[in-house]
Structures are given as structure tokens and as C-alpha cells.
Amino acid sequence: ETPAAVEAAASHAAAPTTTTIAISNRDRVIYPESNITKGQLADHYAAVADIMLPWAGSRPISLVRCPQERAKKCFFQKHDAGTFGETVKHVGILEKDGHEEPYLFVDTPDGLLSCVQMGTIEFHGWGARIEDVEKADRLVFDLDPDEGLDFEAVRTAAFHFRDILGTIGLETFPMVTGGKGIHVIVPLVPKAEWPEVKDFAHRLAQAVAQTDPANFTAALPKAQRKGRIFVDYLRNQRGATAVMPYSVRARPQAPIAAPITWKEMESISSPANFHVGDAATLLKRAASKALVGWGRADQVLPDL
Ligand code: ATP
Ligand code: MN
Ligand code: MN
């Protein structure tokens, strides 16, 4: 990294995106464990908007809203009753019964901030863009460790997926979720539709589980996950969501879902290494050579 690049990133970090959205009750404590307020949440999203929107923008989103505090009366919201204002936009999506429902998307910093104003903590997104919601623009292998497994097992699993996907020509990008696991993300040129995408993810997850049944399972019954890592391939079906990069989590200490590099994966000790307050660090990292192309690869699913 050149000193100029570092300087540019640092000055960018010092000047968060300006928004026109008024945030009420900035002093309301949302995280009682650490006294993090609604104002601090809003400042986080304003700061990371420019690095968050390239991935999270213009795709159908679901929100985890906690209008009171992080573990009180939270709910997962896919549609709105028109209360978010015009910066939170709608895309009509056909439901199974054939009628259309308006789903939410944002494509500006103001859109993100309007959601925060309405009590949003987490942003989750479909694996498709609003231009064509039937075609996936990513796969995600959501690696969920059973309780008691240490992070080392998750790390090993993530590398396993990177290697197997690499063998069939797919480049992958890791993200720490801010929770317990890792998402291994495979960007796709939107081409394959959901049934094919889900089938591919399912077969790959099963194949991995079969090569190492002591450590992995793709089986849905909880009992079969004991002591193992559950490969949650169901994130790859129509309508399923995954947490968006740079989203804050509604968990103690306000951790952030954060893109990392495979090199970093070798040495990190936790899936929650960034928190509200780390926006400047995240911006600087996002501008670094190692992370600049994160989540970008022109590739399609191979025939298996
Ligand atoms: P962790 O690393 O702790 O597993 P995570 O974000 O991967 O964090 P999961 O519980 O594995 O959490 O969920 C994966 C994704 O599935 C979530 O990010 C979310 O988008 C979606 N999801 C989970 N629970 C629900 C739910 N109740 N309703 C809708 N979507 C959900
Ligand atoms: Mn998970
Ligand atoms: Mn999961």
C-alpha cells in the first residue's frame, strides 16, 4: 500500500457521507451492555454507506428492527406499510400464489439512514438484484458451528469450501458475520435461476459433508448437527437472505458483519472482530489493495 493510498483512505474515513435524514432520539441506548446509542448506529451507517451500498444496494432487503433496544421486541421485516418515506424504495416480487408483494430496497445513504431512523439494526439481502430477482448474483455458504465448537473448526471449514470451490473454478470471498460463523460468498454473473442455484448449493454442501462427515453436515435436523458445522445451503433459495457486509448485528457489543481476506482468515480468532465505532478502520480496510476487489468476480456456475 502506498502512503498516498493510505492517506486517501484516511481522509475518506474522516469525511462520512452526508445524509439529509434526521435521526430522532440519538441518545436512546440500543445496546444496554455497552451503552451504544441510536445516534452511534446512525453514524456507523452514514460512515460506511459508500462501501456498503455497492453490495447491499439495489437488492431486496429485509430489516431486523428493534425500535426499543437490541433484544427487546425485535422483528424481521420484508415489507413496509409506507412509513419509511420515499428513500426506501419498492420492488414488486411475485409470491408463490401469483400475486405481487412490494419488497424493500435502498440505493442511497439516505435510504439506509431512513431505515435506521425507523429502528433498524440489521440489513439482510436477497442473493439477487432488483433488475432480475429470479437470477442469483451470489451463492453463500453459511457455516454455522454447533454450540461448543471453537472458531478453529469454522476456519478450517471455510478454507475447505474455498478449496473445493476453487477446484471447480469459482473464486470466493469470506465474511465474518459478527456472530458465530463465516459466510463464504461466491459472486455470480446473474444467469442461473433459483432452482438451479439451490440445487447446486445443496449438492456441493452434501458432497463436502460426505467427504468429512465427522466435521460437517448439510442435514437439517438439529440432532444431526451435534458437534459439527452445519452448512446452511438454504441461504441459496429464492427469497432467502443473508446479512449484508457492514451491517451491524443486534448482538451484545454491536459487532459488524465484515468482509475479510483469505490471508486474514489464517490468523483471526473470532467472527466478531469489528464493532460499532470501527467505521474509520473499516473504510480504510475497504480501500486497501487486499480488499478493493472483495466480492467481485465475473463467473457462472459450472456444470457439475
Ligand atoms: P452466525 O454467524 O451467528 O450464524 P448469521 O448471520 O449467519 O450469523 P444465521 O442464523 O446463520 O445467522 O442466519 C443466516 C441468515 O439467514 C441471516 O443472516 C438471515 O439473513 C437469515 N435468517 C436467519 N434467521 C431468519 C429468520 N428468522 N427469518 C428470516 N431470515 C432469517
Ligand atoms: Mn450463520
Ligand atoms: Mn444459518
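**Figure 1. Strand 9 and strand 10 form an antiparallel pair**. In this predicted model, strand 9 (residues 173–176) is joined to strand 10 (residues 182–187) over four bridges. Within the pair, Phe173 lies opposite Ile185 of strand 10. Both strands belong to an open sheet of six strands, whose order is 11-12-8-10-9-14. The pairing in this sheet is mixed. Its edges are formed by strand 11 (216–217) and strand 14 (258–259), each of which pairs on one side only. Strands of a sheet pair through backbone hydrogen bonds, in either a parallel or an antiparallel arrangement.

**Figure 2. Strand 5 and strand 6 form a hairpin**. Strand 5 (residues 89–94) and strand 6 (residues 100–105) run antiparallel and are joined by six bridges. Ile93 has Glu101 of strand 6 as its bridge partner. Five residues lie between the two strands of the hairpin, and Gly98 adopts a positive phi near 95°.

**Figure 3. Residues surrounding ligand 1**. The shell around ligand 1 comprises 14 residues, of which His124, Thr177, Gly179, Gly181 and Val243 are the closest. The greatest contribution is that of strand 13, with three residues. By class, the shell around ligand 1 consists of five charged, five polar and four nonpolar residues.

**Figure 4. Packing of helix 2 against helix 7**. The axes of helix 2 (residues 38–56) and helix 7 (residues 279–286) come within 9 Å of each other and cross at roughly 5°. An angle under 35 degrees counts as roughly parallel, and helix 2 and helix 7 are therefore roughly parallel to each other. On the side of helix 2, the contact is made by His44, Ala47, Val48 and Ile51. Helix 7 contributes Ala279, Leu282, Leu283 and Ala286. The residues of this contact comprise seven nonpolar and one polar, with no charged residue.

**Figure 5. Domain 1 and domain 2 and the contact between them**. The chain is divided into domain 1, spanning residues 3–133, and domain 2, spanning residues 138–236. Taken over C-alpha atoms, the centres of domain 1 and domain 2 are separated by 26 Å. Four residues from domain 1 and four residues from domain 2 take part in the contact. The side of domain 1 that touches domain 2 has two charged residues, one polar residue and one nonpolar residue.

How values were computed:
Residues are numbered from 1 along each chain as its sequence is written. Chains are lettered from A and ligands numbered from 1 in the order in which they are written. This is a predicted model: local features need pLDDT of at least 70, side-chain atom pairs count only at pLDDT 80 or more; totals for chains, interfaces and linings use all residues. A residue is near a molecule or strand if its C-beta atom, placed from the backbone, lies within 6 Å of it. Ala, Val, Leu, Ile, Met, Phe, Trp, Tyr, Cys and Pro count as nonpolar, Asp, Glu, Lys and Arg as charged, and the others, Gly among them, as polar. Domain bounds come from an automatic or database domain assignment. Two residues are in contact if their C-beta atoms, placed from the backbone, lie within 7 Å. Axes are lines fitted to C-alpha atoms, for helices over the stretch in contact, and angles run from 0 to 180 degrees between N-to-C directions. Angles under 35 degrees count as roughly parallel, over 145 as roughly antiparallel, 65 to 115 as roughly perpendicular and the rest as oblique. Two strands pair if DSSP finds at least two bridges between them.
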